[in-house]
Amino acid sequence: MARGLGAAYAAGAGLLGALAACSAKLALGADYLQAGCIAVIGGEETAAGACAWLPVMLRVGCGGLVLAWNAIMWTFFAKALRYSSSSATATVTSTASNFVSSAVLGKLLFGESHALLWWIGISITLLGLLLLHTAPPTQPGEEKHLKEKKT
């Protein structure tokens with residue numbers, strides 16, 4: 001049970017990290033919203049004053065979200081380290097979750113696409129993650145016993 005909980009916390013940490021990155025991207029690229037606001041309201045002179053505050057508010061809000069997502073992400077990652085069989089398992093799971101979450105969020109929010117080589121790389125990473133999570137855990141004394149059998 002605890003092993004699965006560690007993987008869930010690590011996957012959640014990866015997703016939260018991707019959300020933080022998306023918030024940062026929105027905070028730094030807020031200028032396009034002002035043009036959209038002007039187009040909706042109509043008339044550049046009338047809309048310019050009404051829409052001037054929009055990019056500032058988005059930057060402040062998304063900047064706050066970056067801090068919040070990262071704080072929650074580190075909490076999840078610390079719990080993943082606690083409940084995982086090793087720190088490598090938690091780290092690899094979190095990283096793979098971050099890659100996949102970033103790809104999905106990038107497609108949904110920004111219309112991004114990835115090359116075939118990227119998909120091949122993430123597939124190999126996920127296969128390695130599957131092997132890592134399906135391997136039976138070794139007991140501390142078992143490693144020493146296995147070394148003695150080989151000699």
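Among contacts in the chain between residues at least 6 apart in sequence, what percentage join residues at least 24 apart? In this predicted model, the value is 75%. The secondary structure of the chain consists of 7 helices and 0 strands, and the order of elements from the N terminus is α-α-α-α-α-α-α. The chain has 151 residues, of which 25% count as buried. Its accessible surface amounts to about 9700 Å², and carbon and sulfur atoms account for 71% of that area.

The packing of helix α5 against helix α6 was examined next. Two packed helices are described by the angle between their axes and the distance between the axes. Helix α5 covers residues 87-110 and helix α6 covers residues 116-134. The angle between these two helices is about 145 degrees, and their axes lie 10 Å apart. The crossing of α5 past α6 is left-handed. On the α5 side, the contact is made by Ala88, Thr89, Val92, Thr93, Ala96, Phe99, Val100 and Ala103.

When neighbours within four places in sequence are left aside, serine 94 is in contact with Ala10, Ala13, Gly14 and Phe77. Serine 97 has a relative accessibility of 15%, so serine 97 also counts as buried. With neighbours within four places again left aside, the contacts of serine 97 are Ala10, Ala11, Gly14 and Leu15.

Asparagine 98 has a relative accessibility of 24% and counts as partly exposed, because buried requires a value under 20% and exposed a value over 50%. Residues up to four places away in sequence not being counted, asparagine 98 touches Gly14, Gly17 and Ala18.

With a disulfide taken as a pair of cysteine sulfur atoms within 2.5 Å, the count comes to 0 disulfides. Cysteine 22 takes part in no disulfide, and the nearest cysteine sulfur to that of cysteine 22 belongs to cysteine 62, 10.0 Å away. Conversely, the cysteine sulfur closest to that of cysteine 62 is in cysteine 22, and the separation of 10.0 Å is too far for a bond. Both cysteines lie below the limit for burial: cysteine 22 is buried, with a relative accessible area of 9%, and cysteine 62 is buried, with a relative accessible area of 5%.

How values were computed. Residues numbered from 1 in each chain as written. Predicted model: local features only at pLDDT ≥ 70, side-chain atom pairs only at ≥ 80, totals over all residues. Heavy atoms only, no water. Buried < 20%, exposed > 50% of the residue type's maximum accessible area, 1.4 Å probe, protein only. Axes fitted to C-alpha atoms, helices over the stretch in contact; angles between N-to-C directions. Helix = DSSP H or I, 4+ residues; strand = E, 2+ residues; numbered from the N terminus. Left-handed = near helix turned anticlockwise from the far one by under 90°. Contact = heavy atoms within 4.5 Å. Areas by Shrake-Rupley, 256 points an atom, 1.4 Å probe, with all protein chains shown as cover.
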